[in-house]
Amino acid sequence: MSAAVAEEERRSFSQVSALIPVDTDRFEGEIDAEWTIGGKPNGGYLLSMLGGAATWAGDHRHVLAASAHYLRSPDPGPVTIEVETLRSGRTASQVRGRMDQGGRTCVEALITTSRHEPGTKPYWQDGLPHTEPVPLEQCLPLKPALPDDVRVAIMDQVEVRLEPESAGFTTGRPSGRGELRGWLTLPFGEAFDTTALLFAVDAFPPASFDIEYSGWVPTLELTVYVRAIPASGPVRVVQRAQMIAGGRLDEICYVWDSAGQLVAHGTQLAGIRLF
């Protein structure tokens, strides 16, 4: 945490993503100015608010999958979220969500909600990447600023720690692998739930920073699968760039809980402008 931000100025994830129901299908929320990058709110944070509305409005209380398209970036401040239940089934429901600000739609999402049974173990998972984690205490805390000194306010709220081999871009020496590995902790050590995992898959810097530093990398589309309810504690993240072409970046992110179980993974398409 930056010395410029006192502990009492931090807010929990549940506080900054809280919603007030106005009707059965309409909610009001407040985008926190400190959960931004260069003044723009984090895309996973916005999707988590939409996911929260979907779990409130539907018959199921856990997010199973979510896919969002970002039409424009809202400003910090009040937003309205409207949801429509497209189908309510026995084991899953599909909900459409829309985030508006000032009469303009900012984010559209389709969200599937369900119930994750505690303690469920994967039947098969050999298709997952195999990486040997570096313990959290051996990882390097990310400073709340980009290499060009643009403030990353959200890094004064959450804690991102990068494995030393992934932190080269912070000193102008990216590895060229296009991969960032490390740990993510919510403010005050708050436990991750299924909506917070929608944020977790977008919490790290772009993996393209490990190839070549660029300016803002705005998310155009983000898809997340939530696979399990996390154990308490920080989550381990591996984020990989897959291709940069035509001013677009696509990357994939995997999230494991403190017990070593994969709890979420996602893909996103983002804009990128290389210097």
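Trainee: Which residues have the most contacts inside the largest nonpolar core?

Mentor: They are L47, I81, M99, V158, L184, F199 and V255, in a core of 66 residues. This is a predicted model, in which local features need pLDDT of at least 70 and side-chain atom pairs count only at pLDDT 80 or more, while totals for chains, interfaces and linings use all residues. Residues are numbered from 1 along each chain as its sequence is written, and side-chain values use heavy atoms, with hydrogens and water left out.

Trainee: What makes a set of residues a nonpolar core?

Mentor: The members must be buried Ala, Val, Leu, Ile, Met, Phe, Trp, Tyr or Cys residues, joined through side-chain atoms within 4.5 Å. Buried means under 20% relative accessible area, exposed means over 50%, and partly exposed lies in between (1.4 Å probe, protein chains only). Helix α2 (residues 43-57) gives the largest share of this core, seven residues. A second, separate core has six residues, including L128, V238, Y254 and L262.

Trainee: Which residues does F199 touch?

Mentor: F199 touches F13, W35, N42, G44, Y45, S48, I154, V158, L184 and L186, leaving out residues up to four places away in sequence. Contact here means heavy atoms within 4.5 Å.

Trainee: Why is the pair of W35 and Y45 called tilted?

Mentor: Rings of Phe, Tyr and Trp (its six-membered ring) pair if their centres lie within 6.5 Å; planes under 30 degrees apart are stacked, over 60 edge-to-face, and the rest tilted. The centres of W35 and Y45 are 5.5 Å apart and the planes are at 45 degrees, so the pair is tilted. W35 lies in the loop between β2 and β3 (36-37) and Y45 in helix α2, ten residues apart. Both W35 and Y45 are buried. Ring pairs link F13, W35, Y45 and F199 into a cluster, and the structure holds eight aromatic pairs.

Trainee: Why is F188 called partly exposed?

Mentor: Its relative accessibility is 48%, so F188 counts as partly exposed. F188 lies in the loop between β11 (179-185) and α3 (196-200). Its phi is near 65 degrees, a positive value in a residue other than glycine. Most residues other than glycine have a negative phi.

Trainee: What lies over the face of F188?

Mentor: R10 does, at 5.3 Å from the ring centre. A charge sits over a ring if NZ of Lys or CZ of Arg is within 6 Å of the ring centre and within 35 degrees of the ring normal. The charged end of R236 likewise sits over the ring of W256, 4.3 Å from its centre.

Trainee: How do you know that β1 and β2 pair?

Mentor: Pairing needs at least two DSSP bridges between two strands. Strand β1 (residues 19-23) and strand β2 (residues 26-31) have four, in the antiparallel sense. The bridge partner of D23 is R26 in β2. The two strands form a hairpin with two residues between them.

Trainee: Why is T113 counted as buried?

Mentor: T113 has 0% relative accessibility, so T113 counts as buried. T113 is in strand β8 (residues 104-114). Among the residues that T113 touches are A54, H60, V63 and T91.

Trainee: Is G178 buried or exposed?

Mentor: G178 is buried, with a relative accessible area of 0%. G178 lies in the loop between β10 (159-162) and β11.
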